[in-house]
Every structure is written in structure tokens, then in C-alpha cells.
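Please open the model in a viewer and keep a selection tool at hand. The stops below follow one another as a sequence of selections.

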Amino acid sequence: MDFVGKAKRIRIYLAENDVIGHKPAPYALLDWLRREGAAGATVIRATAGLGSSGHLNLDIMPDITAHLPVIVEWIDSPDRVERLLPQLKQMVGRGLITAEDTEILLYKAHGVRTLPNTVTVEQVMSRDMVSVAPQSPLRKVVELVEGKVYRAVPVVEDGRPVGMITNLDLVERGGLLVRVELLGSLSDAERTSALNQLGGKTAREVMTPNPVTVVEGATITAVADVMAHKRLKRLPVVDAAGKLVGIVSRLDLLRTVAEAFHGGPEEPRPAGLRGDLPLSRVMRKDVPVVHPDTPINEVLQAVVATRLNRALVVDAERRVVGIVTDEEVLDRVTPAMRTGALKSLMHRLPFVHVGKAELAAEHHARARKAADLMLTEVAIAREDQLLRDAIAPMMKAPHKLVAVVDKDGRLTGALDRADILRGLIQE
């Protein structure tokens, strides 16, 4: 797949001796962007620079000069930039950040080879994680994961994981009205009201006890098998003593497959995660579909129909023209409709309006049909493509979903990360 079209270019101007945490700032930012699934970034080292101090920094003695300018250039979709920019501003203590519109004329991702069965989980896991104690207030748990790429928190006692709190736990056991990623779409008053539903509950009351864990020496093939068969998105990683040392997600595994073996001739590999299946063997066919003129209440019904929380928008010939996500539905409807929309999104209830007030709210909604809601940036792949050729661009898809089409461009199915993971471990 090729990605072209409108994008954002962010430049962060730093000094070589700037740090974030205990890392040099440029490399700390690269690592953070990688964890957040950014499309791509580059560190550029300058030979001279003039900043607000009025001091001219020159590369006269490159081996000892530590104050030269460094630029981190990041190009990504507007949606992802908008989501990550607030946290980026907090991370950069001093320096300059600029943003400008750009257009991607050509993007061709590297193909992916079957990954050998020698890569271990400690090589791909994230050590930069948060955990809570069993007695921690549930509201603190929500605040820890809000806006983060990981939306699950290990509950740790004496260094060992005794439970896991996921989005589903927060909603079903904790009483949170919306999933964590939807909190940002609410007004301040609505967000406060949603958090108040948590009451005085603690992590122990809500967590899923006795979590499935993996040891840091396990191969990623074994981890992928566990995730696929137990339908888990992330697993705590422990050392030989059972102490928590990291967390590994489905995204970590897929990113590793997507980024591995960039160059050189491909060679068959007898063991490991495979990528030689056609997408027609891996894709799901139960993807919800709406048309541009589908009314908003039917759009919401389609969005909540499956675990995807998304619906593809197709024209009369089933060619993909857009996508509608649960966040778009929630963000685009009027506040008067939000209570009904939230309940439907979280509990998959019929979105039925009764009474004049509800009908009036729907009538006055800013968005009345799918065309008013849909986003036009959709990742598309052909059903005869191999999984190894589609996985790298899929990891950069802004909505975690790839529409699969036939040779005439008509929709035949879709792929999300869980589908890809299952395809990678198929015999």
C-alpha cells in the first residue's frame, strides 16, 4: 500500500546536551514517538546555529562541542499529530516546536520477512510503564492511562503482578461511563461526571486477578500464540523471580515484524512469525458498512455492532470512501444527544430516541448522516496482497483498520491488529 495526501510536519529544535528524563532529548523523543506509533521521525544534527541567547554555536571542534542544534523532524497524519502534540509540548522543556502542512507524494513501506524464532520478548517489550498498588484509588488509574498508548495497568504487590486493569474492567466493574480514549471528547463537566461514577473504588475491587504473564526470555512467537488464543492485547513481563519488568503489547509484536529486516535479499525462514498468507485468508468479512447518506442513528448502530467500534463508508459500487469511528460519532453529535450515544457506545444498546426532546436533539445535531461524520483517510489493501506486504503500512493506519478490496477496488473485508496477529501465527 502507498500512503499519499495531506500530512503534518513537526520540527523540534533542541540542543545536543538537552535531556528528557535520563536520555538525550532527541533520542528520548524518537523512542516516545516509536511507542506512540508515529509514522516516522528523523534526527538532524546541525553544524551551526543562532538561538534566543544570541550566542553563535559552531561546529569548530565536533568531538567536544555539546551545544550544537539538533532538529527532530516528525511527519504524520493530522489526527495523530493533534493527539500527541499536547504531550510533546510537556516533554520539551526548552527549545522550539514548529508545525506546518505538507503533502506526501510517495510513501512505500519496506516489505516484511518472516521473523525468526530467536527474538525474545525482552527485546521488544516496553520498560517505560506504569503500575499501581491494590489499594490505589481507581480514579488515579484512569488518570495514569488517559492519553497514553497503553490503556491497561498492572496491579503490583511486592513487585509481582497480582492483577490487570483494562478498559473493559473500568467500564464493567468500575462503572466508568465511557472508555478511557473517549474521555478527551467530553466537555470538562461531562468528564468530571464520568469520573465521579468511579466513586471510592480501589484497584483491587476492579482488577482482573491472576493475570496471564510471560517471562522475559520467551520468544515473540510464543507470546503471539498466547495473545491470539487467549484474545489478549497486552501481557505483563516478569523475570525469573516473578517480578514485573515490563509490558508487551500486540502493537509491540506487530511493530517488530513491520520494522525487522529492512534490507537485503529475503530468505525463507523455517520458524517464527510468518507473513506469506494472502489477505483474503486473514481478513474478516463481518465489517460494518454504511453509505454516505446513512442517517446518524443508523451509523451509530453500525459502529457499535462489532468490537471494531468502526464502520466503513462505501458508495453504491462498494468502493471505500471513508470511515466512521466511535470517537467521531461522540465528538460530532450535540451535547443533548451524548447521554444516549454514550450508553450505546459502551453497552451496545439500540440507539432509539423516544419523546420530543430526543427527536429534537437528533434534528439539531451538527452531523445528520455518515458523510458529515466520516474521515476520508482510510488504509486500503488488495485481497491478493501477502500479509508481509501489508503489515508495515497497516501499523501506520490512523484508525487501526485496513479495508481489503478486490481487483476492481470493491470492499470484500477488513483487517485489524488482532486479525493480523492471528494470521502471523497460522500454520
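Select β4 and strand β7 (residues 69-76): 5 bridges join the two, which run antiparallel. Two strands are taken as paired if DSSP finds at least two bridges between them. Helices (H or I, at least four residues) and strands (E, at least two) are DSSP runs, numbered from the N terminus. Within this pair, pick Ala41, whose bridge partner in β7 is Trp74.

This is a predicted model, in which local features need pLDDT of at least 70 and side-chain atom pairs count only at pLDDT 80 or more, whereas totals for chains, interfaces and linings use all residues. Residues are numbered from 1 along each chain as its sequence is written, and side-chain values use heavy atoms, with hydrogens and water left out.

Axes are lines fitted to C-alpha atoms, for helices over the stretch in contact, and angles run from 0 to 180 degrees between N-to-C directions. Contact means heavy atoms within 4.5 Å.

Two packed helices are described by the angle between their axes and the distance between the axes. Here the axes come within 12 Å and cross at roughly 155°. That makes α1 roughly antiparallel to α2; angles under 35 degrees count as roughly parallel, over 145 as roughly antiparallel, 65 to 115 as roughly perpendicular and the rest as oblique. The crossing of α1 and α2 is right-handed. A crossing is left-handed if the near helix is turned anticlockwise from the far one by less than a right angle, and right-handed if clockwise.

Which residues of α1 and α2 meet? Show Leu29, Trp32 and Leu33 in α1, which meet Leu84, Gln87, Leu88 and Met91 in α2. By class, this contact has 6 nonpolar, 1 polar and no charged residues. Ala, Val, Leu, Ile, Met, Phe, Trp, Tyr, Cys and Pro count as nonpolar, Asp, Glu, Lys and Arg as charged, and the others, Gly among them, as polar.

Move on to β12, β13 and β14, which form an open sheet of 3 strands in that order, with mixed pairing. β12 (214-215) and β14 (244-249) are the edge strands, each with a single partner strand, so one side of each is left without a neighbour in the sheet. β12 is joined to strand β13 (residues 234-238) by 2 bridges, and the two run parallel. Val215 has Val238 in β13 as its bridge partner. α7 lies across β12, β13 and β14, running at about 140° to β13.

Finally, colour the chain by pLDDT, the predictor's confidence in each residue, from 0 to 100. The chain mean is 78, and 75% of its residues reach 70 or more. Confidence is lowest in helix α13 (residues 356-363), at a mean of 42, and highest in strand β10 (residues 160-165), at 95.
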